[in-house]
Amino acid sequence: MKSDVILGLQWGDEGKGKIVDYLAAKYDVVARFQGGPNAGHTLEFDNIKHVLHQVPSGVFRNNTKNVIGNGVVLDPVIFRKEIEALKNYNIEPFYNLYISKRAQLILPTHRLLDAAYEKSKGDSKIGSTLRGIGPTYQDKTARIGLRVGDIISEDFKKKYEILKSKHLNILEHHEIEYDLPSLEEDFFSALEYIKKFKLVDTDYLINQSLAARESVLAEGAQGSMLDIDFGSYPYVTSSNTTCAGVCTGLGLAPSKIGQVFGIFKAYCTRVGEGPFPTELKDEVGEKIRKEGNEFGATTGRPRRCGWIDLPALKYAIMINGVTQLSMMKVDVLDTFDEINACTHYKLKNGTITDTLPFDLCVEDISPVYKSFKGWNTDITKLNDYKSLPTELIEYTLFLEEELKVPINIISVGPNRTQTIFKNNHFQ
Ligand code: GDP
Ligand code: IMO
Ligand code: MG
């Protein structure tokens with residue numbers, strides 16, 4: 001067996017959580033491979049709306065094993081809160097959740113460093129979620145990080161103190177206020193809590209699952225345009241959000257990757273700073289934000305909104321090897337008379353291109369749009385591809401033609417049930 005992958009193709013928040021939750025019923029294992037509590041994945045069903053940050057989105061399916069892989073950075077304090085919030089839902093996280101011993105730990109001082117670095121950047125701040133993601137991955141690559149498996153070792157406290165003092169030395173040069181003893185109290189009590197979970201070698205677990213012909217779904221966080229190597233650097237997150245991250249973040253060989261489901265919105269959003277060629281800073285952007293309720297699931301920040309960006313999407317499809325697409329939040333465009341799709345970028349020197357320039361940040365890009373007539377129909381109660389309005393089908397066919405990958409899922413609302421399949425692979 002091979003592992004399928006779900007990942008976001010834009011700047012995050014594409015609706016990955018909804019699709020993972022939907023498809024999880026068909027998988028034996030759902031595994032997060034990168035990121036951490038910067039993610040906010042929203043699931044809606046049976047009048048429940050739930051936002052998950054570190055726990056995989058298969059957790060509501062009792063027969064699915066949920067794995068937090070080695071590529072994840074884990075904040076024990078946020079993890080405990082998440083698990084406690086799940087207690088009311090009659091699920092068994094102690095039984096079906098597995099945490100990699102190799103996952104890196106987010107320390108309280110990592111969060112403080114994140115805040116300090118952001119503050120010191122002034123106007124060029126990244127707009128980080130302030131969850132300590134960047135500093136934790138920094139320590140991982142500097143080979144000084146602490147891992148989940150370390151918490152059971154006798155000298156953990158000593159290792160912790162060594163890393164903490166390195167962090168405090170840096171923090172001395174920054175003006176931020178903090179109450180470390182209280183943060184540490186929460187941290188150490190959360191570590192005790194984590195010890196009750198299955199702390200395992202998830203690399204073996206996943207490979208053995210595949211060998212036993214169990215189906216595995218890798219759940220991406222963030223989006224391809226936030227990838228540390230391929231995103232709009234430096235306005236990115238600190239992990240490989242793309243398909244390659246599945247191999248390093250779970251211990252899977254490239255030959256073990258199966259279907260790659262690319263998730264994108266029928267338009268585009270971004271939260272935090274950084275370039276966004278198709279951003280609409282006018283009333284149209286405002287209308288998308290309102291109709292799409294575009295506010296961050298983790299930080300509550302308003303998301304920046306704009307039209308779909310096909311050069312960026314094509315790039316993301318290329319680097320991920322996407323085999324199927326899911327178009328999300330199509331209903332948000334239900335009341336627009338005109339819908340635009342950016343097909344090319346016009347650069348300052350007059351060049352028209354559909355490839356991404358080296359540095360999206362310095363290029364002065366004007367999007368070239370193709371315009372579509374809106375469908376002006378409420379599609380939220382439709383459940384069959386053939387019943388979709390003609391204008392929407394035309395938009396979909398145009399995107400498939402441009403992107404060269406089939407759009408098999410069309411999402412017409414946040415609820416699990418508001419999901420239309422074009423080709424019924426899964427039903
Ligand atoms: P993720 O980070 O990719 O999992 O996405 P988020 O959960 O951060 O943001 C997606 C938001 O859109 C959530 O509030 C979802 O409930 C919502 N959503 C997902 N699919 C649809 C859809 O098709 N239509 C509408 N209106 N909302 C959707
Ligand atoms: P999900 O999984 C949208 C953005 C932040 C910031 C940049 C770096 O819900 O799609 P970080 O805290 O990672 O150092 O922030 O990345 N960002 C996200 N934007 N969705 C996310 O996750 C994000 N995770 C990080 O806003 O611009
Ligand atoms: Mg999100």
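Trainee: Where is Asp13 placed?
Mentor: Asp13 is in the loop between β1 (3-8) and α1. The model is a predicted one.

Trainee: What is the phi of Asp13?
Mentor: Near 60 degrees, which is a positive value in a residue other than glycine. Most residues other than glycine have a negative phi.

Trainee: Is Asp13 buried, partly exposed or exposed?
Mentor: Asp13 counts as partly exposed, because its relative accessibility is 22% and buried means under 20%.

Trainee: Which atom of ligand 1 is 2.9 Å from the side chain of Asp13?
Mentor: An oxygen atom of ligand 1, and the distance is to an N or O atom in that side chain.

Trainee: What about Glu14 and Arg303?
Mentor: Glu14 uses its backbone: an N or O atom there lies 3.1 Å from an oxygen atom of ligand 1. For Arg303, an N or O atom in the side chain is 3.2 Å from an oxygen atom of the ligand.

Trainee: And how much of ligand 1 does the protein cover?
Mentor: On its own, ligand 1 has 580 Å² of accessible area, and the protein covers 93% of that.

Trainee: Which pocket does ligand 1 sit in?
Mentor: The second largest pocket. Two elements give two or more residues to the shell around the ligand: α1 (16-24) and β3 (41-45).

Trainee: How many residues surround ligand 1, and which are the closest?
Mentor: There are 20, and the closest are Gly15, Lys16, Thr42, Asp331 and Ser411. By class, the shell has eight charged, seven polar and five nonpolar residues.

Trainee: Now ligand 2. Which residues are the closest to ligand 2?
Mentor: Asp13, Lys16, His41, Thr129 and Thr237 are the closest of the 21 residues that surround ligand 2.

Trainee: What is the make-up of the shell around ligand 2 by class?
Mentor: It has 10 polar, eight nonpolar and three charged residues.

Trainee: Which side chain has an N or O atom 2.9 Å from an oxygen atom of ligand 2?
Mentor: Arg301. There are backbone approaches too. An N or O atom in the backbone of Gln222 lies 2.8 Å from an oxygen atom of ligand 2, and a polar backbone atom of Val271 is 3.0 Å from an oxygen atom of the ligand.

Trainee: How much of the accessible area of ligand 2 does the protein cover?
Mentor: The protein covers 97% of the 550 Å² that ligand 2 has on its own. The space taken by ligand 2 is the largest pocket.

Trainee: Different topic. Which peptide bond is cis?
Mentor: The one from Tyr233 to Pro234, where omega is near 5 degrees. Most peptide bonds are trans.

Trainee: Where is Pro234 found?
Mentor: Pro234 is in the loop between β10 (216-223) and α9 (244-250).

Trainee: And what is the phi of Asn293?
Mentor: It is positive, about 45 degrees, although Asn293 is not a glycine. Asn293 lies in the loop between α10 (283-291) and β13 (304-306). It counts as partly exposed because its relative accessibility is 47%.

Trainee: Histidines next. Which side chain does His110 join in a polar contact of 2.8 Å?
Mentor: The side chain of Asp139. His110 is in helix α4 (residues 108-121), and it is buried, with a relative accessible area of 1%.

Trainee: What about His167?
Mentor: The side chains of His167 and Asp139 are joined by a polar contact of 2.7 Å. His167 lies in helix α6 (residues 156-171) and counts as buried at 2% relative accessibility.

Trainee: Last one. How many residues apart in sequence are Ala85 and Leu52?
Mentor: They are 33 residues apart in sequence, and 9.8 Å apart in space, C-alpha to C-alpha. Ala85 is in helix α2 (residues 76-86) and is partly exposed, with a relative accessible area of 38%.

Note on methods: Residues are numbered from 1 along each chain as its sequence is written. Chains are lettered from A and ligands numbered from 1 in the order in which they are written. This is a predicted model: local features need pLDDT of at least 70, side-chain atom pairs count only at pLDDT 80 or more; totals for chains, interfaces and linings use all residues. Side-chain values use heavy atoms; hydrogens and water are left out. A residue is near a molecule or strand if one of its heavy atoms lies within 4 Å of it. A polar contact is a pair of N or O atoms within 3.5 Å; within protein, one must be able to donate a hydrogen and the other to accept it, and residues adjacent in sequence count only if both atoms are side-chain atoms. Accessible areas come from the Shrake-Rupley method with a 1.4 Å probe; for residues, only the protein chains shown count as cover. On a 1 Å grid over the protein atoms alone, a cavity is a set of points where a 1.4 Å probe fits but cannot get out, and a pocket is an open set with protein on both sides within 12 Å along at least five of seven lines; lining residues have an atom within 4 Å of a point. A molecule sits in a cavity or pocket if more than half of its atoms lie within 2 Å of its grid points. Helices (H or I, at least four residues) and strands (E, at least two) are DSSP runs, numbered from the N terminus. Ala, Val, Leu, Ile, Met, Phe, Trp, Tyr, Cys and Pro count as nonpolar, Asp, Glu, Lys and Arg as charged, and the others, Gly among them, as polar. Buried means under 20% relative accessible area, exposed over 50%, partly exposed in between (1.4 Å probe, protein chains only).
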